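I opened the model to look up a few local features. My entries follow in the order in which I made them.

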Amino acid sequence: MSTGAFSIDQLMELAGLAVSQAVYRVQPLDKGRRILVACGPGNNGGDGLVAARHLFYYGYRPTVFYPKRSKNELYQIVFPFNVQRIADHGLQRLAKQLEDLEIPFIDDFPAAMKSTDHVVDAIFGFSFSGQVREPFQAVIQSLQDTRIPVTSVDAPSSWDIENGPPKTGLGSSFMPTALVSLTAPKPLVNHFTGRHFIGGRFVSPSIAKKYHFDVPPYQGVDQVVEVGSSEQKL
């Protein structure tokens with residue numbers, strides 16, 4: 001999206017807003033206001049932080065699990081104009097915004113799962129590859145085992161962007177209640193069976209044409225659109 005002159009901050013804000021609107025649809029306030037937001041160290045985690053802020057203002061009671069805050073001094077010293085440095089600074093500000101709202105940050109994710117109504121999975125996004133490492137192994141296990149509804153941001157954490165869930169082991173049976181595909185669906189949606197939302201109202205017609213995908217018909221002020229099972233397959 002950098003070709004459209006969007007900054008990282010803008011994209012996180014738009015993505016997080018879309019996620020918050022999807023959660024509002026999957027978990028209406030009358031079904032429970034306690035939302036546990038699990039954030040990873042990258043931009044996917046930033047989307048979760050933004051979503052938590054919007055959910056607070058909707059009337060929810062978010063709690064945030066954010067064990068690996070981005071404070072990458074290497075980029076700040078060696079690459080002073082590096083994009084990652086800018087992203088890290090933005091994530092620190094997003095966390096501070098939540099602290100100013102007195103939104104609690106917790107350390108024990110499995111314990112927090114016992115007192116929540118819904119979980120937002122913003123741990124790993126479309127760039128994830130390799131093995132899940134601690135402290136996120138216990139988180140993925142909890143998400144895999146729970147009956148609490150889960151909304152995943154862009155990709156169910158532990159899933160491969162092309163091939164979906166792992167064949168065996170951690171994450172192999174993780175199927176979130178809902179998925180918010182940002183910008184456009186990724187190939188992994190061919191393995192997804194839950195409620196599927198697209199959050200990409202910021203995509204211009206020229207970008208959609210360049211990458212050969214259709215922008216769905218967003219309604220009113222909605223930042224997400226739900227697509228059916230037949231529409232979500234690539």
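Is serine 158 buried or exposed? I looked it up: serine 158 counts as buried, at 7% relative accessibility. I use buried for under 20% relative accessible area, exposed for over 50% and partly exposed for in between, with a 1.4 Å probe and protein chains only.

Entry on the source. This is a predicted model, so I note that local features need pLDDT of at least 70 and side-chain atom pairs count only at pLDDT 80 or more, while totals for chains, interfaces and linings use all residues. Residues are numbered from 1 along each chain as its sequence is written, and side-chain values use heavy atoms, with hydrogens and water left out.

I found serine 158 in the loop between E5 and E6, with a positive phi of about 95° although it is not a glycine. My element names are DSSP runs numbered from the N terminus: helices are H or I of at least four residues, strands are E of at least two. Aspartate 154 is also in the loop between E5 and E6 and has a positive phi of about 70°, again without being a glycine. Its relative accessible area is 4%, so aspartate 154 is buried. I also noted a cis peptide bond between glutamate 134 and proline 135, with omega about 10°. Proline 135 sits in the loop between E4 and helix H6 (136-145).

Entry on salt bridges. How many salt bridges does the structure hold? I have 7 on record, taking a salt bridge as a side-chain nitrogen of Lys or Arg within 4 Å of a carboxyl oxygen of Asp or Glu.

- Aspartate 154 pairs with lysine 186, with 2.7 Å between the closest N and O atoms. This pair links distant parts of the chain, 32 residues apart: lysine 186 is in the loop between E6 (178-182) and strand E7 (195-199). Both aspartate 154 and lysine 186 are buried.
- Aspartate 117 pairs with arginine 34, the closest N and O atoms being 2.8 Å apart. Here 83 residues separate the partners, with aspartate 117 in the loop between helix H5 (109-112) and E4, and arginine 34 in strand E1. Arginine 34 is partly exposed, at a relative accessible area of 29%.
- Lysine 96 and aspartate 100 meet at 2.8 Å, N to O. Both lie in helix H4 (residues 83-100), 4 residues apart, about one turn of the helix. Lysine 96 is partly exposed at 42% relative accessibility, whereas aspartate 100 is exposed at 53%.

Entry on strand E4. E4 spans residues 118-122. I count strands as paired if DSSP finds at least two bridges between them. E4 runs parallel to strand E1 (residues 34-39), joined by 5 bridges, and isoleucine 35 stands opposite histidine 118. E4 also runs parallel to strand E5 (residues 150-153), through 3 bridges; there valine 119 stands opposite valine 150.

Entry on helix H1. I checked the length of H1 (residues 8-26): its 19 residues should span 27 Å, and the end C-alpha atoms are 27 Å apart, which agrees. The expected span is 1.5 Å times one less than the number of residues. Buried residues in H1 include Ile8, Met12, Ala15 and Val19.
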